[in-house]
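Please look at the structure first, then read the notes below.

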Amino acid sequence: MSRRDIVARIGGAAGDGVSSTAESLAKIFARSGLNTWTYSSYQSVIRGGHVWTQVRGGLDPVLSQGVDPDIVMCLNQQTMDVHQGDVVEGGAIVYDLDGTKPDPKKLRKNVRLIGIPLRKKAQTLSANALMRNTVALGAVVRLFDLDFRHVESAFRDIWGDKKPEIVEQNIQAAKLGAAGVDEAGGSLKYGLAYTNQAKYLMTGNEALCLGALAAGVKFLAQYPMTPASSILHWMAVHGPAHGVVVKQVEDELAAMNMTVGAGFAGVRAMTATSGGGFSLMVEAIGQAGMTETPLVAVLVQRSGPSTGLPTKTEQGDLNLALGAGQGDWPRAILAPRNPEECFSLTAQAFNLAEIYQTPIIVISDLYLGEGYRTVDKLDFNVPIVRGMMAADGGISKEFRRYLITESGVSPRAIPGTKGFQHVAATDEHMESSELISDVLAGLPEHVEERRKMHEKRMRKLVGLRKDTPRPELWGPRNADLTLILWGSTWGPAHEAILHVDESDGVKVNSLEFPTVLATSPGSSLA
Amino acid sequence: MKLEFEMDTYKSEIKPTWCPGCGDFAVLRALQTAIHALQLEPWNVVIVSGIGCSSNLPHFLSTYGFHAIHGRALPVAEGVKLANPELQVIVTGGDGDGYGIGVGHFIHAMRRNIDITYLVMNNQIYGLTTGQASPTSEKGMKTKSTPIAGVIENPVDPISLALASGATYVARGFSGDVKGMSELVKNGITHHGFSLIDCMSPCVTYNKVNTYDFFRERVYDLAKEGHDPSDMKAAFAKAIEWPFVQRDRIPLGLFYRTEDVPTYEDLEPALKKGPPVHQPLGVTDADALLDEFL
Ligand SMILES: Cc1ncc(C[n+]2csc(CCOP(=O)(O)OP(=O)(O)O)c2C)c(N)n1
Ligand code: SF4
């Protein structure tokens with residue numbers, strides 16, 4: 001029986017070029033027409049340590065990076081020591097003959113040892129030792145019978161037209177690796193029928209940026225923090241051409257407060273961070289809730305508590321998002337499960353933020369944010385709904401910014417609009433935005449006013465609940481077991497559900513929450 | 001010539017809630033006088049403040065306002081300005097707000113030279129929270145939070161800090177001289193870049209040391225003593241006179257000004273297209289964007 005999917009694992013020390021080699025391989029998979037999924041295990045050092053990336057490609061949709069690899073590419077001895085035992089029966093290990101040694105006792109049956117003098121071969125072409133990765137990559141491509149065209153195009157993407165000689169050298173290096181495989185008995189002969197119809201390949205963070213652009217984001221302020229930094233990096237390159245002001249600012253307090261200011265001034269504004277930064281944003285996001293200022297806050301989780309494990313994924317910050325800020329204010333938390341939803345839910349978040357004039361949180365994590373996945377073509381024709389603007393009604397006389405309404409939403413006016421001047425206030429205020437906290441708080445009627453104002457704001461939850469994606473049940477209706485999940489665990493959970501059904505006949509389904517709402521008393525999920 | 005906007009046009013219906021005699025009344029008047037003199041359209045002015053007695057100021061004017069959280073007025077204002085650089089953005093607040101909890105933003109806003117005017121009502125005490133020490137309280141001052149030995153920290157000097165951080169218009173006013181202050185504010189607003197006007201604004205309720213009389217006995221006008229505000233070295237020398245060198249003479253007026261430094265907005269690539277708030281939403285070249293991922 002021929003195989004339907006393939007898995008490669010590339011390991012080495014930080015600084016060995018593991019992640020760029022893995023990115024090239026993922027690109028080659030995607031251009032071969034495979035559904036592709038990557039997972040990177042890395043750490044917070046720039047050199048040394050042990051890092052590895054697993055790349056999986058399948059003719060059918062893939063839902064995780066898979067388990068045991070068909071091929072391990074060892075760029076150092078530690079990779080051999082740690083991973084050689086994981087290679088599946090009939091798989092292969094590609095390693096540098098000089099300095100790396102497999103331990104045959106640790107291998108499964110029929111694992112082929114493809115020892116190639118990687119460094120020496122690379123040095124026949126250039127003094128650049130990094131090309132030894134390219135030699136090894138060529139070996140992997142040959143073992144899987146992938147088309148060499150995609151190797152060439154991947155290199156051209158990296159070095160471009162500016163350095164044709166480097167592209168050429170790398171192509172030669174890859175060919176040396178392929179030749180090494182041919183000398184050692186040829187490919188694995190898995191027999192996958194590659195379509196060679198290229199698929200889009202991107203990370204969740206990139207898809208999220210695209211969704212924000214599609215929705216018309218015009219402002220992003222951020223402070224670097226793994227695994228949210230790639231949002232800042234991507235937007236810094238692409239944002240300005242689309243009129244987006246992209247700023248690295250002094251800290252996350254500034255990032256959130258600037259986003260509030262930009263939202264107040266009438267642009268679609270966003271900030272992004274991980275848990276530590278989000279913790280710093282807590283007071284300011286509550287300010288947006290109180291002043292009824294639209295904004296989108298992206299929380300890409302990593303493992304906590306505190307600095308935690310910056311390079312490992314975790315879904316530990318839901319409470320942080322749900323509970324952010326003193327008191328209570330209406331919010332919706334959108335939890336994309338895959339890059340397509342990173343795109344669509346982020347675009348939707350901007351509409352919700354403006355329709356309901358409140359912060360909308362998009363919660364993601366390292367696994368989804370940084371992992372590469374193939375996606376269908378994204379449709380940039382997203383609806384854009386900007387919500388109720390006072391100027392549309394035309395009447396500015398006695399404009400009340402915080403008018404109490406049934407929906408909880410009051411007409412909004414942005415600075416520059418003649419006749420609708422008002423002060424957005426973080427103190428509790430009346431419809432006119434005059435403060436209750438100041439001289440009025442002692443008067444009983446104003447205490448009543450506060451209650452009405454709070455209830456007005458919280459009524460937005462009714463609309464938010466209506467306008468946000470509902471929980472979904474996936475799998476058989478009458479299951480023995482139901483998994484309750486949100487966010488990136490979607491893929492591996494689906495794969496596990498399919499697997500136990502096939503292998504053990506156990507019926508499992510999953511109840512999935514693309515939206516996590518702060519509910520008010522008396523509300524239910526249904 | 002008849003002016004389009006009367007002085008009263010800039011007043012809101014809300015009466016200031018400050019203690020009678022509070023220095024902040026003078027700052028409000030100076031600001032109102034300045035925007036009246038400049039005939040700014042109230043709907044194109046945004047006044048952002050933090051939290052404190054002084055930070056209530058935006059409510060008393062008829063412009064747009066954002067009464068933010070404690071210490072964060074500057075970043076909110078920077079967001080407003082970057083979203084719509086056509087707006088006249090003015091920030092008001094206290095010394096605790098700007099030089100204490102918000103001091104990090106203060107430094108970074110100045111090094112950006114973003115075109116914002118910042119008025120600090122510096123009363124050297126925390127007013128709203130009923131009289132604790134502030135970052136500008138003089139050494140030795142007894143307050144609610146320093147009742148035994150008085151303040152044992154050195155004060156922050158906002159003028160030196162501003163000069164060192166890249167502000168391009170640095171001035172000190174005094175609530176005992178509304179006319180002088182409003183001139184400083186007016187020129188700060190028309191200045192192309194970040195302007196700081198540190199306003200000595202006595203808290204008559206909680207600061208019994210730095211009173212109107214304390215200042216009246218000590219202040220002098222920099223311009224009258226021939227200070228050259230284009231000379232940064234001279235500006236530093238004047239800045240450290242008080243509170244670091246002595247406390248008998250306190251300079252007022254313009255310490256430093258330069259128009260030679262481009263503003264943040266001048267340098268920001270995204271603003272080349274015009275104010276973001278007026279730009280169309282969405283993407284016209286989706287395929288070009290997506291091709292990068294193929
Ligand atoms: C995060 C936070 N911490 C503390 C406070 C309490 N607080 C309100 S105003 C203030 C200081 C006021 O002093 P200043 O900024 O100098 O203004 P003034 O009242 O003197 O005008 C403090 C500490 C708060 N509102 N928020
Ligand atoms: S407490 Fe001080 S600062 Fe506050 S209003 Fe009264 S006099 Fe002004």
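How many nonpolar, polar and charged residues does the shell around ligand 1 have? The shell has 6 nonpolar, 8 polar and 3 charged residues. The model is a predicted one.

## Location of ligand 1

Ligand 1 sits between chains A and B. There are 17 residues around ligand 1, and those that come nearest are Cys53(B), Ser54(B), Gly96(B), Asp97(B) and Gly127(B).

Helix α3 of chain B, spanning residues 95-101, supplies the largest share of the shell around ligand 1, namely 4 residues.

## Polar contacts of ligand 1

For Cys53(B), a backbone N or O atom lies 2.8 Å from an oxygen atom of ligand 1. For Ile125(B), a backbone N or O atom is 3.3 Å from an oxygen atom of ligand 1. Asp95(B) instead uses its side chain, with a polar atom 3.3 Å from an oxygen atom of the ligand.

Taken alone, ligand 1 exposes 580 Å², and the protein buries 77% of that.

## Surroundings of ligand 2

Ligand 2 is surrounded by residues of chain B: Trp18(B), Cys19(B), Cys22(B), Cys53(B), Asn123(B), Cys203(B), Val204(B), Thr205(B) and Tyr206(B). Among them is Cys53(B), a residue that is also listed with those nearest to ligand 1.

By class, the shell around ligand 2 holds 7 nonpolar and 2 polar residues, with no charged ones. The shell around ligand 1, in contrast, includes 3 charged residues.

Definitions and conventions: Residues numbered from 1 in each chain as written. Chains lettered and ligands numbered in written order. Predicted model: local features only at pLDDT ≥ 70, side-chain atom pairs only at ≥ 80, totals over all residues. Heavy atoms only, no water. Near = heavy atom within 4 Å. Nonpolar A, V, L, I, M, F, W, Y, C, P; charged D, E, K, R; others polar. Polar contact = N/O pair within 3.5 Å; in protein donor to acceptor, adjacent residues only side chain to side chain. Areas by Shrake-Rupley, 256 points an atom, 1.4 Å probe, with all protein chains shown as cover. Helix = DSSP H or I, 4+ residues; strand = E, 2+ residues; numbered from the N terminus.
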